[in-house]
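Please have a look at the sequence and the structure first.

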Amino acid sequence: VAGVHHHLSQEIAIRYGYTAILVAILGQLNPFGVLAAAFFFASLQIGADYMHRVVNLQKALVGFIQATLVLFYLAGAELSKRLGR
């Protein structure tokens, strides 16, 4: 994209930064973990697009699932740290 237009437009890069932060958190900055988390988040997004077309389910449900997943992950990491594991 940057090679054709010589800049990144807002229409293309909308909300990718936030998803990248979540992927990095869940992947624990490990290359294989980030790859697995990115695949999982991409599957969620593609599944949400499909469900929106077929069943007319709201796309916002994916954001809720992602937020819930990250909150549970962070809560589990904090609990593990407090218990000394």
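This is a predicted model: local features need pLDDT of at least 70, side-chain atom pairs count only at pLDDT 80 or more; totals for chains, interfaces and linings use all residues.

Residues are numbered from 1 along each chain as its sequence is written, and side-chain values use heavy atoms, with hydrogens and water left out.

The protein chain has four helices and zero strands, so that, starting at the N terminus, its elements run α-α-α-α; here helices (H or I, at least four residues) and strands (E, at least two) are DSSP runs, numbered from the N terminus. Of the 85 residues in the protein chain, 13% are buried, where buried means under 20% relative accessible area, exposed means over 50%, and partly exposed is in between, with a 1.4 Å probe and protein chains only. The protein chain exposes about 6,900 Å², and 69% of that is supplied by carbon and sulfur atoms, the areas coming from the Shrake-Rupley method with a 1.4 Å probe, where for residues only the protein chains shown count as cover.

Now to the pair of helices. The axes of helix α3, residues 31-54, and helix α4, residues 60-83, come within 10 Å and cross at roughly 155 degrees; these axes are lines fitted to C-alpha atoms, for helices over the stretch in contact, and angles run from 0 to 180 degrees between N-to-C directions. That makes α3 roughly antiparallel to α4, because angles over 145 degrees count as roughly antiparallel, under 35 as roughly parallel, 65 to 115 as roughly perpendicular and the rest as oblique.

Which residues make the contact? On α3 they are Phe-40, Phe-41, Leu-44, Gln-45 and Ala-48, and on α4 they are Val-62, Ile-65, Gln-66 and Leu-69, with contact meaning heavy atoms within 4.5 Å. These residues divide into seven nonpolar, two polar and no charged, where Ala, Val, Leu, Ile, Met, Phe, Trp, Tyr, Cys and Pro count as nonpolar, Asp, Glu, Lys and Arg as charged, and the others, Gly among them, as polar.

The C-alpha atoms of Leu-61 and Ala-48 are separated by 7.7 Å, with the two residues 13 apart along the chain.

Finally, the loops. Gln-28, in the loop between α2 (16-27) and α3, has a phi near 55 degrees, which is a positive value in a residue other than glycine, and Gln-28 is exposed, with a relative accessible area of 55%. Asn-56, in the loop between α3 and α4, has a positive phi of about 60 degrees although it is not a glycine, and Asn-56 is exposed, with a relative accessible area of 56%.
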